[in-house]
Structures are given as C-alpha cells and as structure tokens.
Amino acid sequence: MKVLEVAVPVPLNKIFSYLPPENSGAEDIVGKRVKVQFGQRALTAYALSVTESNDESFKLKSINDVIDSQPVINQESLILAKYISENYVCSFGEALSAVIPPSMKQPKRQNKKLRITNYELQNENKLPVHNERLILNARQQYAVNSINQSIENNIPKTFLIHGVTASGKTEVYLNCIEKAISLNKSAIFLIPEISLTAQFVEIVVKRFGEENVGLWHSGISDIEKYKLFLKAKSGEIKVMLGARSAIFAPFENLGVIIIDEEHEHTYKQEQKPSYDAREIAWQRALYHKAAVIMGSATPSLESFKNALENNAELIELPERIDGKSFPEFKVLSLKNKIFGRSLFLPETIDAISQTLAKKEQIIIFLNRRGYSPSIMCRKCGNVYQCPNCSISMVYHRNPDIVKCHYCGHGKKLPVTCSTCGTKEIAVFGSGTQRAEGEIKGMFPKANLFRLDGDTASFAENYKKAYDGIKSGEYDILLGTQMIAKGFDFPKVTLVCVIDADTSLYLPDFKSAERTFQLITQVAGRCGRGEICGNVIIQTSHPEHYAIMHAQKYDYMSFYKEEAGLRKQLMYPPYCDIAKIAVRNKNEEKASQDSEKLFTYLDGIIKSYELPLKLMGPASAYISKMHNTYRKHIIIKGVRENIVKLSGFVSAYKSSAGTQISIEIMPADLI
C-alpha cells in the first residue's frame, strides 16, 4: 500500500506515516499541507513523499483533509527547513512551519484582485508609477554599481551599507530592486517595524507599481497571505515588502534581499523555531545566487565585525545627501533635577517652545509607555507588583488602571494600601502618558500624536501618525522606540530624548549597544529637510561612552570601545551563545531542574571535551512571568559545539510541569 511521509510541527525530530484520504491519489498530495490527527490534536502538517509499505500489522491513521489545491512545498523549502532544524534546535516539522505558514487559508473564490490595504495606502485611486530616479551622489552610485554587478553576474554576496541617517540608503535599495526586476528577478525588502510600513509601501509602490508589490506582516488575513504566497510563487508580484517572516516569500528567482535597519532585534524570532532572518537571507542568497544588502546607521557589532573581516563588503555612506549637516547635539544632565518636578528640563521646554513658534515639528522620545511605571505606598513602602509576574504594575490614565505589560493583568488603581490600609498611594517614574499630559498642559495649542504600544494596538494609528506628521496636521510626535527609526519627516527640526537611560543598565551584554543605537537613530529623524535640526538628550549618565559617542555621531569609536569590552568578557561577536530557559509554575522545581540540568550538561562538556563554557543557572531578569518561574543557563562557545550540546537537552528527564527551551543566538539574555 502507498503511505505518505508527513512532517508534523511537533518537537519530535522524525517523519510520520499516514494513509491518503479515501478516493485520493497519494502522489497528488505530495508538496501540500494536510490536516492530520496527532494524538488528541488536529494539526496542519506537510506531505513530503510517498513510500510503499507491505506491513499492514500496524494500523495507520488516514489524513483527514488536504488543504491546498496545488503544491506549496518546493526543493528550497526543504533545504531551508533542514537548515533551520539543524541550526536552531527544532524538529524538521517545526522548521517547515516557519517556511510555509500553516495558518494560510485558501480562498473560496479565486477572482478577487489582491490590493495593498490595512496599514498602508487605503486609497481607491491607484498610485501612479514614478520611474524617474533621484540623482545619486558618487558614494551612492558606487554602492549601486557594486551590488548590481553581483545581481547581474549571479554572484551570492552580502553587502553592509553603513550609512548615516539621511545618507540615501533607501534610494540605493530601490536602484538595486530595479536592476533585479529588469533581469526578471524578484526582491525581498525587510523592514524591522510594522510602524514603518506606510512610508515604505508608498515609496516602493510609487516606484514599481501596485501590481508588482506585495506586503507581508502579521496584520494581514490568512486568506490574503495565501494569495500573496501564490503570487510570489508564480512571479506575479516582483517585490515582497514586510517584517521578519517575509524572508520566506517563495520567489523562484530571487535577485536581491534587502534588510533595512539590520541591527534591529526584531529580525530574530524568540519563539520556536527561533530563526534569524539575516541568516536565512544568506541561505536564500546562496540558493538563488542573489545579493543581500544590509543597511544601518548603527550596524550590529556582529555584522560590522563580519564586514571588517571581509565576510561581507562594507560600503560607507558617511555624509547626508545634498550635503545636509547633522543636527546639533546637546546633552543635559538629570543628576540635579528636583524630584517630582516636570519631566522636561527648562532648556528642553524652551527648545520646544521656540520650535513650535517657528511652525516646525518635534519628535519626543520616551521608551516607557503608560503614565508611571511604579505604584508604591509612601508609609510602608509596599510596591504594587503583578500577581502573575515579578514586575511592577504600570499606572495608566483614562481609565485609571494599573496594568502588567507582560501578561496583561489589570485592575483599578487601588485607593488604599493592601498591606497597611493607609491612603498614602503614590505613583513614581514617567511614561508616555505622563509626558503627553505635561506637553498638553504647557503647549495647549500644539497638536500632539502619541504612538506607543497602547495606541499602536489600533492598526490605523500607524498610518494616522505618519500621514499627520507628513501633512503638518500634528506639531509633535511623542512615542516609544517605534518612532526612533525609519521615519523621514523633512519638517521635524527638534528631537528630544526625555530619559536616555531606560535601556542603559539593563542586565544584558547588549545594553550599551542598544542605547547607542536608539539615540543615534532617533537623533537621525530631524534635520532631514532644508533646516538644520537640534537634538536634546536628557540623561543621568552623560559621561557614559554610549551617550558620548552618540553625541558625536561616532560609530567607529563606539564600536572599538564596545568590541574591546565584549572580547574581554567573551560575548558575541567573539563567541556564539545560547540561552536555555527552564520554566515551572513551582519555584522549587524550576530551581532544582535548572541545577540538575546544569550539572548534567557540565558533565557532557567534560566527557566529550567540548570547548564550551556554561553560566548559571540564574533567575531571569523577570524571574516570574505568567505565574511561571524562569531560570536561565547560558552556553558560550562555537555554534557547532553549542548545537551539539543542545541535542543532549532533550534526553534530560525533568520534573513534572517543567518546560525546557533552547534559543540559539538570542537577541538578549534577560
């Protein structure tokens, strides 16, 4: 009898056998997604091949349903799944579920035209295509010539464009996409944040036409994903623009992959399979003999070191286009700020006032949402923590609630202290809601838009913010890190960073790098038009090297200082790392299992003489989340050896209720 070999997205690294449904040919199902019964669950799985079996002693289950009318799995899908499975410690079925989305739904009707909607144009009038290109300067032209040579000659190569903010990286990208399309090749254009979608869709669609561009992100429906998937597979669209998972767009003839703001941690998936889109891009480039372009004003240390070692071609764009000058930088110390006063220092208030008087626009950056991040009783010192997570509840206004930003637990602001019964409840610290209130109080005539994790939960607010600032409807854009990158608003002439220290002293080896990147990126949002910009940074640590180098726009000096510390402490890019998370709702069991697992892995390292270093076990930065206690073990060494050691973790017999996961090259260690 004919049996289908099926990959099921479960943490068991084996292929399972199923019988084809009645009245269906087994060969016709190969390459398609299928519904199967796996234990008590009905799962979407992947039909890989057909085998002959004469053993009828073991009763096989039949496939419940065939989802696709045509195959969606090709040879490259299998190669990518194999790479992900081997390099990110997951099963082949789990890896394939990243490459081919299991949630895509085949539409009942096939005649509807795909339009770019949701976060983007929302315009019934088709945008005209503008084929005219901006005149490139000498450095831009060099970049385009170098990359296009790779595209034209089918040479797989990675290019790192280290271009300061407003240096014209986007125009380089567009020229290279144009070259790929002229050779009947396709392009993938990755952006780190959904908040940048509106701007980039407008730019890309105007250049290449709506019918040639697809948009892939978490906000589109499962039916739209299916349509897009098939349009990319057939070559009907030539450009796929989107966030991390757009890297798997099933183009048959890729010419170029662009990763804008390549330093962003959002390109690394945290959940299993925890792939890195930058590494997948290179695997796809090898398969298609394509070019990979990674661009950033503040490249990750890993990427920059790679380029310095000639593993990628480094292209420098050190000047802003048209000779525009960098914004003037002023660092203001918060050390002598009087507690309880305004979030804004007098010099900051004065700069905002002057900018508004000149009818220019302002971006205010504060990387904390809500009103205040801490609620405490003045009398007994009781701090209101989330009952599910070991983190302070955040006070939000309108309505007055306290909320956990990790599990979502919320309740009304307490009137009396739950410990001592007094009414001495006070809120401390500052978030974007408090900043909004202060700005409106000081400048009631200014139109302000707040864009953070609360307001951005409504998808249309991304576009509303973008259109409002661009048209001049809003004078001030206030927000968290989602406003720190990518936006290009010529009328913005002042950027204020209210507290530059929110990420500076987090217990993670990338804290200084992230702070430098955030400050540099948000500073780059101003002075992009005809008027020179100004940047004001409020900080309690003006002497910190991340802030001092950002003030001078000096990436190379920051890189050298940070790289020196990383080398001394043996952190990436001087080694590879993995994070093992041990979780249990029982704190004692979580501690015991993490200790036993550490001892077990340490013994394997010694037995096999693996050149690896174990750190831990230690409580996670947030030791309890969703009522689950979390312990971390860190592995340092070479990727190959880390993966080898990780393979032994599944053999460890943990306590009841303990979950163990491994993330290779995590974005952080907290």
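Modeller: Helices (H or I, at least four residues) and strands (E, at least two) are DSSP runs, numbered from the N terminus. This is a predicted model, in which local features need pLDDT of at least 70 and side-chain atom pairs count only at pLDDT 80 or more, while totals for chains, interfaces and linings use all residues. Residues are numbered from 1 along each chain as its sequence is written, and side-chain values use heavy atoms, with hydrogens and water left out.

Biologist: Where is Glu193 found?

Modeller: Glu193 counts as buried at 14% relative accessibility, where buried means under 20% relative accessible area, exposed over 50% and partly exposed in between, with a 1.4 Å probe and protein chains only. Apart from neighbours within four places in sequence, Glu193 is in contact (heavy atoms within 4.5 Å) with Thr266, Met482 and Lys485. As for its place in the chain, Glu193 is found in the loop between strand E7 (186-190) and H6.

Biologist: How many helices and strands are there in the chain, and what radius of gyration does the chain have?

Modeller: The chain holds 17 helices and 27 strands. The radius of gyration is taken over C-alpha atoms, and the globule rule is 2.2 Å times the number of residues to the power 0.38. For 670 residues, a compact globule would have a value near 26 Å, and this agrees with the chain, which has 26 Å.

Biologist: What share of the residues in the chain is buried?

Modeller: Along its principal axes, the C-alpha trace spans about 85 × 70 × 50 Å. Among contacts between residues at least 6 apart in sequence, 75% join residues at least 24 apart. Of the 670 residues in the chain, the buried ones make up 55%.

Biologist: How many salt bridges does the count come to?

Modeller: Side chains of opposite charge can pair when their charged atoms come close. The rule for a salt bridge asks for a side-chain nitrogen of Lys or Arg within 4 Å of a carboxyl oxygen of Asp or Glu. By this rule, the count comes to 33.

Biologist: Which residue forms a salt bridge with Arg207?

Modeller: Arg207 counts as buried, at 7% relative accessibility. In its salt bridge the closest N and O atoms are 3.7 Å apart, and the partner is Glu178. Arg207 lies in helix H6 (residues 197-208) and its partner in helix H5 (residues 169-182), so the pair ties together parts that are 29 residues apart in sequence, the partner being Glu178.

Biologist: Which residue does Glu302 pair with in a salt bridge?

Modeller: The closest N and O atoms of this salt bridge, between Glu302 and Lys510, are 3.6 Å apart. The pair links distant parts of the chain, 208 residues apart, with Glu302 in helix H9 (residues 301-308) and Lys510 in the loop between strand E22 (492-497) and helix H13 (511-523).

Biologist: Is Gly468 buried or exposed?

Modeller: Gly468 lies in helix H12 (residues 460-471). Not counting residues up to four places away in sequence, Gly468 touches Gln361, Glu473 and Tyr474. At 0% relative accessibility, Gly468 counts as buried.
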